[in-house]
Structures are given as C-alpha cells and as structure tokens.
Amino acid sequence: MAGLNILSQTPSPWQLSASSTSSSLSYSLRFPHFYDFNNIYNCGDFKCWKIGSTNFPLSGNPRAKRHPLSSQMLPHLSNSSGSGYSWMQDKSASCDNFSPNGRKQGPLNAVSSKELAQVSSVDDLYEFICSGPLISKIGLTSEKVAESIDKWIEYGLRLCRLFQLNQLALNEAQKIRIYHYYIPVFLWCEQEISQHSSKFKEEEEIPPLVIGFSAPQGCGKTTLVFALEYLFKITGRRAATISIDDFYLTAEEQAKLRDSNPGNLLLEFRGNAGSHDLPLSVETLTALSKLTKEGVKMKLPRYDKSAYSGRGDRADPSEWPEVEGPLPVILFEGWMLGFKPLPPEVVKAVDPQLEMVNKNLETYYDAWHKFVKSWIVIKIQDPSYVYQWRLQAEIAMRADGKPGMTDEEVKDFVSRYLPAYKAYLPTLYSEGPSGSDPEHVLLIDIDEGRNPILGC
C-alpha cells in the first residue's frame, strides 16, 4: 500500500506563541532539534537536560506543588543576547536509513521554509495535545498528559527526524498527524502490550501481542505502522511488521484462481479474499508467536508488486527480511483485515461477483483473525475516498516522472475493491473485527484529509 504523505495539505506554520516576561518565562520547543534525548537524566526529584552548566527541568519539581507545566518552572532556552543557540542551523541525521523488516519507507518530503515558526511553550503543546480526538479514547486525562509531557516532546522530535520534518515549522496537518494521531496510537499500543504481558506469570514465556490494523487503501496505515515500529525501536522493543499483502498467492497460483473464476473481475487480480496463501499466513503467524527467546530468528515473507509488469509475485526468499526474538509485539496490517462473511443475499445485492469472495472469506478467521488480540480500526466516512487517495498518489508519481496509472486505470483498479468496502465496512464499524474483544479495539475516525476526527 502506498505510504501516507503527511504534507498533503497547504502548509501553515505553527502560530502558537509564548510570552517571555519576568513573571512568565517560556520554554522553547525548538531545543530538541539541538539536544539528544538520550541525554535526559535525573536531577534530584525531576528529569532534566544539561546545557553547559545549567540544568533545565522537563516535568517540573514534584516538591513545588505547582501545575506540572508551570511556566515559572520552565526556563527559556535562549542566550543573553536573545539570538538563540546554534541548533537553529543543525543538520542532524533524520533517521532515513530506518527500514523496518525489509520494507523501504522513504522519508516524507519536508517543506523547506525560510521562516521559523514562533517559539511555542510547553503549555501551548500541552493544550494542543489535550485537544486531540483520541486522548479520551485511549484513557488519558489532561493530568496524565501533563505528567508525561517530556515523552510527548521526545516522541515528537523523533518522528520529525524520521520523516525529515522541520519541527520549527510544522504545518497544521503535520502537528495533527504527530500529536493527535501517531503518538496517541503508540501510547495505546504500549498499554495493550502491558495488559497482555500482565496475564502471564513471571516464569512464563510471553508470546508477542499481535495488533491488527484494519484500514482502507491509501488512508495511511502503512505509514502509521512504520512510525509505530520506529517508536518501538527507540524505546527498546523489537517489533515485527507484516501485511496481508505478504501472503498474496504467487503469480502462477493467481493465474489459476483467475482461470477457475472466469469473468469474475474481483478475482482476476490480487486483492480480494481468495487471493491469499492462507497456509503461509498460518505458518508465519504461528512461528512469530514463538519468538520469545534471544537469538531465535525467522524470515518474514514479502511480496514484489513490481514483478510481471505490476501483476506481482512473491519475492524470492533470499530477499525476505529476518526478525529476532524476544518479540513483544507484531504489527499486522491490511485493507480487509477483520472483515466478516455476510449472508449470501446481502453480498449479492452489492455485487453478484462478491458471492465467491464472501465464501472465500469464511476461512480467514482461522488464518488471520484468531491470532489478533488487539485491533486498531481506521474508519472512513465514504469508500469513494479510496479512489481520490489513489488518484492523488498516481498523479504525484507521474509529476515526479515515475510510471503511474492513468486516471482510467486507477478507476478500474479501485473498482475491484469497492464492492468489498460497501459490503463489509458497515459491519466492521458497528460490530468490530471478526473475533475481536470490544475492550481491545481502538476505532479511529478519519476525514478525507486522513486526519483523526471526533467520531459520531
């Protein structure tokens, strides 16, 4: 699936301002661009940074009995002349070499801006975070956000570096994507892993938690999972990322499927239920669940969509990436993950060709869904968004001089998926994924711009 371009909206520099008076000193969010978060350490009762001979607290001194984000406790990071530090010209690495489990995710193109964003205070960031639509959904309160604000700052910096963004000039879409979306979802995943681990005794081996990501094509789930795996990496957790795409039939097997279903456009090419190698997925997920010890390794299957002029084929095993235990989490993503088979008359009313797809779907619970214990479901208001997102991606590719589908080809491509969306999404959104526990499902409503919104 195509990665999400979080720069798709018109840039508008972050205008959150901060005062700098003797009674209210502001705390610059620009300092992380200069300082390495690995150098956070304890200064008595609170965490701090050290610049020169000066300690700068991150969370406030608990003895002070003030609001954790009190501006009186957050020193202003500028020199006496007011000209600032040399981090403004810092060209530190952007982590663009990070390639999770063999998936090459290039850095997102950053907006080059000659204007620096206004200095923002931690209070401003705190308020922006608390206004996010996922905060209450993941069980956070404003007090909990305040207590962990240093983590939010650290994760925000890391993601900016990962995607080669200038945190001094994030536009509105970028701020939302980082602080209202990626970081809250990561914190929810951490909660799920903690609850999963608590079910096992100390002497028992803990199998990895499989978190399923069900989301339509083009909505950004691949980029979301990419960001999450990176955050797991920097917090010391190994994660494996797999997609339902990895389990597509080989080119030869897909040809047999097409020949055995003449005239069914939904099974002509890869994508719908029936076009996956379910025994391979069972074998892979079973093996991953046993990666509980140091030194135990396995390879993850991958699919080459460029093979056979875009028809695709399974990549050679020599190209499959390797993962090593112990593995606390598996991130499993797919556009139709969690779909439930429906009564035949329901799918026939949507599209008669969907009847065979629906029959194929009956075997997917044992192959995929029974392994998934926690779910993230990304909800869209209109399946036609998929066509618009795909068209945008192809237009951008053509503009860059890369081969891309024509508008008519995009329409034909998406038309092979729309019947399944129309048939299965309503049940997915109202009842949850197949075999899921409602207590471990995070439903995220997104708009046409791929940003999380308050659900109905």
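**Salt bridges in the predicted model**

Glu252 is exposed, with a relative accessible area of 58%, where exposed means over 50% relative accessible area, buried under 20% and partly exposed in between (1.4 Å probe, protein chains only). The model is predicted, so that local features need pLDDT of at least 70 and side-chain atom pairs count only at pLDDT 80 or more, while totals for chains, interfaces and linings use all residues. Residues are numbered from 1 along each chain as its sequence is written, and side-chain values use heavy atoms, with hydrogens and water left out.

The structure contains 15 salt bridges, each defined as a side-chain nitrogen of Lys or Arg within 4 Å of a carboxyl oxygen of Asp or Glu. One of these joins Glu252 to Lys256, with the closest N and O atoms 4.0 Å apart; Lys256 is likewise exposed, at a relative accessible area of 55%. The two residues lie 4 residues apart, about one turn, in helix 6 (residues 251-260), helices (H or I, at least four residues) and strands (E, at least two) being DSSP runs numbered from the N terminus.

In helix 4 (residues 172-197), Lys175 and Glu172 are placed 3 residues apart, about one turn of the helix, and form a salt bridge whose closest N and O atoms are 3.1 Å apart. Lys175 is buried, with a relative accessible area of 4%, whereas Glu172 is partly exposed at 36%.

A further salt bridge brings together the side chains of Lys379 and Asp445 (3.8 Å, N to O). Because Lys379 lies in strand 11 (residues 374-379) and Asp445 in strand 12 (residues 441-446), the pair ties together parts that are 66 residues apart in sequence.
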